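Dear colleague,

Please find the structure below, together with its sequence. My notes on it follow.

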Amino acid sequence: MREIFTSLRRTPYQSLAAFSVLFFTLFLSLVLFISLSFVNGFLSYLETRPQVTVYFQTKTPENNIFKVRDELAASGKTLAIKYINQRQAFQIYKDLNKDNPLLLEMVSADILPPSLEIYAKKPIYLPEIAEYLKKQGDVDEVQYQKDIVDKLLSLTNFLRKSSLVFFIYLIFMSIVVLTTSTLFKIALKKDEIELLRLLGASNNYIRKPYLAEGLFLGSAASFISFLIVIGTFLYFNTFLKSYLAGVPALTLDLYATRLTVWPMNPIFFTAMFSLSLVFGCAIAIVSSYLATNKYLKV
Amino acid sequence: MIVFDKVSKKYPLGNFALQEVSFEIDEAEFVFLVGPSGAGKTSIIKLILKELSPTSGSILIDDEDISSSSFKKVTQLRQKIGVVFQDFKILADKNVFENVAVSCRIQNLSHLETKNQVKETLALVNLDKKERVFPIQLSAGELQRVAIARAIVGERKYLLADEPTGNLDPKTSWEIMKIFQKLTGKRTIIIATHNSDVVNSLQKRVLVLKEGELIKDKRKGGYDL
């Protein structure tokens with residue numbers, strides 16, 4: 001550790017450049033990771049919402065509604081169907097407008113339409129179900145969130161692709177800067193390396209201090225970028241809580257595991273820190289290896 | 001044991017550093033390599049260290065042929081050899097103890113072994129009271145003693161010295177040679193020099209080189225420039 005600090009002190013500008021670029025890369029990577037996690041989580045959340053809501057005319061007999069419900073259930077394309085009668089609709093309306101007595105006075109249960117909330121098994125069934133419902137006689141309006149899901153999907157895809165390109169560029173830039181800074185340090189210690197080689201030092205022995213310094217910079221940059229991101233996240237906690245008030249949880253499916261993105265939780269923070277640390281260390285290892293390799297041909 | 005068998009070294013421009021040089025150096029033998037500048041003394045040192053590969057001929061160290069360019073065990077070979085240079089090559093940012101300890105760490109000695117061996121070796125070269133001193137505070141003779149300590153510490157069985165007294169005044173040169181003499185019989189010592197006073201006084205084996213050729217091999221010899 002003493003040797004690492006001595007080396008950092010002796011080449012402050014190169015060390016600062018290496019640290020800054022690592023910090024910048026890791027900080028932006030974390031921001032991208034959080035943004036993508038939230039967008040993906042929101043997409044998953046929307047996919048679990050009632051995907052088609054059909055409003056019937058107010059005078060529609062319940063039997064007609066049940067007939068539509070049963071036919072849909074028999075199609076095998078729905079996961080669940082929830083019937084909301086006029087009384088339940090009024091209750092929902094009351095709950096939503098409890099702070100506005102004027103709005104409550106103007107509305108009664110008989111003017112609210114009964115509805116069915118239909119959860120499709122797959123998003124591709126949505127247009128088919130919507131078309132079927134539109135053909136039914138008592139139907140007043142069919143709402144389904146295909147457009148929103150499609151827009152979110154295309155946004156996520158765009159974000160994913162552009163983030164990947166940006167991320168690769170950041171990593172490339174970090175490796176170049178870190179390799180150059182390490183090469184400069186090695187050039188300053190060229191005679192020492194030559195001597196160590198003559199004394200029989202192995203390549204790993206020579207490489208070790210540069211690798212240790214790179215790992216130190218990578219870990220420090222990942223730790224500080226994580227702290228700043230977490231600080232920002234906590235600062236906006238109140239805003240996020242009110243903005244996502246109706247959303248109970250945002251999750252992200254990662255292969256076999258499901259990561260909860262919102263509300264804030266230690267597992268998501270640990271995942272963020274681990275990701276940042278792994279990238280920081282990987283960049284440091286690759287850069288140190290590339291830089292030292294140039295001088296280690298016996 | 002070191003064996004040179006008809007070793008030649010030709011540089012790319014066509015000039016020969018060594019021409020068909022053959023000799024054998026036994027275990028724990030003390031040998032001087034002498035000759036004027038450009039005679040090939042440093043080339044022999046570099047060939048033993050595998051800094052250079054011969055153009056022809058073979059070099060055996062402990063029965064292992066190191067002359068082939070495909071020889072890969074350079075690190076292991078160099079760990080058996082301690083080197084002392086004319087310009088000392090002491091690490092300026094490390095103190096005396098650390099400079100010597102570097103050699104132990106390269107040989108994978110434990111922390112405790114390193115500590116004990118460095119202290120013991122520094123006592124041998126009369127630097128035991130200066131182990132925390134940095135090179136900038138040392139005289140040329142003391143720097144060369146640090147270099148010797150670094151070259152002999154641990155398990156190194158060969159000691160190569162390339163003009164070890166070249167940068168020293170006569171009195172200090174003698175002090176350095178006394179240290180080499182103390183090591184006689186403990187390891188194989190090869191010293192390249194053109195200091196005839198030292199060579200003539202110590203009466204050790206002398207290999208005389210001239211223009212890349214071995215012209216004399218005297219068992220208890222002297223040397224005239």
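Two residues are taken to be in contact if their C-beta atoms, placed from the backbone, lie within 7 Å. On that basis, ten residues of chain A are in contact with ten residues of chain B. Helix α8 (residues 190–198) of chain A supplies four residues, the largest share of the chain A side. Helices (H or I, at least four residues) and strands (E, at least two) are DSSP runs, numbered from the N terminus.

This is a predicted model: local features need pLDDT of at least 70, side-chain atom pairs count only at pLDDT 80 or more, and totals for chains, interfaces and linings use all residues. Residues are numbered from 1 along each chain as its sequence is written, while chains are lettered from A and ligands numbered from 1 in the order in which they are written.

Chain A holds an open, antiparallel sheet of four strands in the order β2-β3-β1-β4; strands pair if DSSP finds at least two bridges between them. Its edge strands are β2 (78–84) and β4 (139–144) of chain A. Six bridges join β2(A) to β3(A) (residues 115–120), and A:T78 stands opposite A:A120.

Helix α6(A) packs on the sheet, touching β1, β3 and β4 of chain A, and its direction makes about 170° with that of β4(A) (angles run from 0 to 180 degrees between N-to-C directions, with axes fitted to C-alpha atoms, for helices over the stretch in contact). A:E131 is found in this helix, α6 (residues 126–134) of chain A. A:E131 is exposed because 10 other C-beta atoms lie within 10 Å (12 or fewer count as exposed, with C-beta atoms placed from the backbone).

Kind regards

How values were computed
Buried ≥ 20, exposed ≤ 12 C-beta atoms within 10 Å, placed from the backbone.
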